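I opened the notebook on a structure I had not seen before. I wanted to look things up one at a time.

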Amino acid sequence: MTLRECYDSIGADFDGAVKRMCGKESMLAKFAKKFPADPTYQGLVSAFESGDIPSAFRMAHTLKGLCLNLGLDKLQKSSSELTEALRNTESPTPNAAELYEIVKRDYEATINAINSADV
Amino acid sequence: MEKILIVDDSEMNREMLSEMLEHDYEILEAADGKEAISILKDNITCISLVLLDMIMPEMNGIEVLDVMKKSGWLVDLPVIMISAEESSDVVHKAYELGVTEFIRRPFDQLIVQKRCQNVISLYSKQKKLAGLFADQFYEREKDSRLMIDILAHIVEFRNNESGMHVIHVQNYTEILLKQLMQLTDKYDLDNDKISLITKTAALHDVGKICIPDEILNKPGRLTDEEFKIMKSHSAIGSQMLADLSFHKDEPLVKMAYTIARWHHERWDGRGYPDGLAGDDIPIAAQTVALADVYDALTSERCYKKAFSHATALEMIIKGECGQFNPLLIDCLNTAAEEMRLVKEGGSTPNAEYDVREFALDLLKSNALYSSDRLLHLLEYEKMKNRFFEGITGGCSFEYTAKSQMLTVSANAAKTLGIEETIIDPIHNEQLIGIFGKEKLRELKAKFRSLPPDNPITQYNFHIIATEKANEESSSYIFRITDVSESGVNCPASARHTVYKLICRAAFTIAEPQRYTGVIGKLVPSESEYGIMKGVDLNDLTGVL
């Protein structure tokens with residue numbers, strides 16, 4: 001599977017991301033390949049599960065930023081929703097846990113696809 | 001190559017920005033706000049731009065900006081905020097704190113590059129202009145001072161004197177006026193006005209050009225008739241200035257007139273030429289009169305020997321040279337030491353500093369503005385400090401009140417196991433662990449209360465070093481207690497040593513002096529530092 005096909009399969013915007021990198025597919029490939037090893041998601045998981053909401057908020061926020069840069073639209077959308085749910089760190093919105101599950105699901109799908117792309 | 005500091009807690013974000021920019025710039029990276037501040041502190045003169053993330057652990061972007069602003073760094077160093085943050089509150093706050101630009105995620109390489117390039121070139125142009133302006137202004141100012149000095153010197157030349165009289169009178173006038181400005185706002189003095197008075201004080205005796213040589217240089221006592229002629233110099237001088245066919249309305253000429261005419265008037269009305277009394281005599285003339293008398297007394301003349309500083313002061317206060325404004329006598333008393341130093345040629349008020357200050361005031365109404373030259377100077381002092389520190393060892397620290405930033409020497413940080421840069425030390429866990437909350441508060445309050453004229457203090461401390469269990473032998477846990485504290489509770493295995501903490505409070509250069517922070521050094525009590533009395537510290541570096 002090419003990276004483009006991989007992006008298409010997970011609702012990501014390959015062309016947009018490449019365009020922002022001045023047309024350099026190699027640059028997108030380099031960073032997309034690094035994404036599964038990035039510690040942000042693991043940080044989110046351990047913060048959220050241990051109830052450390054301020055850290056979970058920061059991690060969700062960072063994850064959203066990374067997805068924006070890489071054009072991972074679907075995961076960006078769910079992590080963005082989670083970020084907003086956690087923004088008031090004193091009292092997260094009631095659906096935060098639900099949104100967290102969606103982020104987990106989207107994340108798994110995303111890294112599975114990236115790992116199977118031939119780049 | 002220009003340097004850009006990228007501050008972001010996500011390594012991947014830093015890497016991505018770095019890749020977009022590394023072709024044109026040298027990239028420095030910081031993973032959190034604290035690291036950013038410490039990098040900035042050491043490299044403030046060579047970094048051209050900061051890319052700053054908003055949301056970070058420990059110290060977020062807003063907090064970093066706050067420290068930068070309070071440290072005066074934002075004047076010369078632009079910051080671009082990078083954020084996916086949509087909330088306009090945060091954006092407003094960031095602009096308020098002095099962010100130059102925003103870059104939103106997702107990063108677009110072209111936009112990132114262009115924005116960085118534009119911001120850097122804008123700032124470097126501004127910096128160049130400020131420098132150019134200050135230099136040109138100083139050149140012109142220097143020329144005009146030169147002309148006045150030459151003219152004054154010609155007058156004095158006939159007097160067979162060294163030419164120092166005019167310079168001394170100017171220096172004393174400036175010192176007295178600065179004191180007076182601090183003492184009262186009655187006379188509506190400011191730096192500009194003081195500069196004008198000081199400059200034109202050079203022309204106070206311009207009328208002497210018309211006094212015959214044999215009277216001017218008569219070694220013995222003047223006859224009544226000769227004295228009358230001598231006294232006419234103030235009226236003649238002012239007349240010469242009033243008769244100028246051009247420039248008559250220039251502030252400089254008006255001020256020169258005031259000083260030339262009335263610098264022999266006295267507070268009780270017994271001076272000449274007009275017998276003015278009290279504050280009917282313009283303050284400029286009153287001040288020059290006092291400066292003139294002090295210099296006449298402390299200098300050798302063809303008709304007298306020089307009196308000592310102390311004798312001159314006593315004679316003036318006793319009214320042996322006529323009555324002066326009591327406020328000016330106060331100023332003379334307060335500034336006596338400074339006057340003595342100038343008299344002995346040890347120091348002169350720094351004119352260049354005033355010009356620069358003026359130029360900067362004009363460009364930025366920001367008191368903390370530091371020009372390139374000053375920053376380089378500071379950088380040099382820091383380097384010197386680190387070098388000596390490396391040789392002599394010891395633990396030194398520096399605290400800046402405005403930014404609440406504590407910096408300790410590398411040695412101290414290593415020994416005590418604390419960070420080199422600590423923001424808000426009162427609430428820092430590591431420091432609380434070592435000193436205790438109460439002691440930290442007490443020290444902070446004590447430093448703040450140190451007066452500018454006696455800014456040095458010292459404390460004795462027990463430092464108790466307990467070896468950390470299960471670790472290398474070189475690792476200790478430190479605890480610090482007052483020597484006076486009875487029954488110091490420490491395990492038998494612990495080493496405890498009495499140390500002295502010698503501190504000096506720092507103040508603004510500009511009057512009125514305000515507390516800006518404190519510097520200090522921790523030294524073993526037995527060392528030679530301990531027996532030094534009135535330890536003198538270099539203001540900038542804290543080097544003993």
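In which sense do strand β1 (residues 3-7) of chain B and β2(B) pair, and over how many bridges? I keep in mind that this is a predicted model. I looked up the two strands and found that they pair in the parallel sense, over five bridges. B:Ile4 faces B:Ile27, which lies in β2(B). I also noted that helix α2 (residues 33-43) of chain B packs on the sheet and touches β1, β2 and β3 (47-53) of chain B. The direction of α2 makes about 160° with that of β1(B).

Next I traced the sheet. It is open, with five strands of chain B in the order β2-β1-β3-β4-β5, and the pairing is parallel. β2 (26-30) and β5 (101-104) of chain B each have a single partner strand, so one side of each has no neighbour in the sheet. I read an average twist of 25° from one strand to the next.

Then I checked chain B as a whole. I found 19 helices and 12 strands in chain B. The chain has 544 residues, and 33% of them count as buried.

I turned to the contact between the chains. Chain B gives 15 residues and chain A gives 16 residues. On the side of chain B that touches chain A, α1 (11-21) and α5 (109-157) of chain B each supply at least two residues.

Last, I looked at confidence. Chain A averages a pLDDT of 93, and 99% of its residues score at least 70.

Note on methods:
Residues numbered from 1 in each chain as written. Chains lettered and ligands numbered in written order. Predicted model: local features only at pLDDT ≥ 70, side-chain atom pairs only at ≥ 80, totals over all residues. Helix = DSSP H or I, 4+ residues; strand = E, 2+ residues; numbered from the N terminus. Buried ≥ 20, exposed ≤ 12 C-beta atoms within 10 Å, placed from the backbone. Contact = placed C-beta atoms within 7 Å. pLDDT = per-residue confidence, 0-100. Pairing = 2+ DSSP bridges. Axes fitted to C-alpha atoms, helices over the stretch in contact; angles between N-to-C directions.
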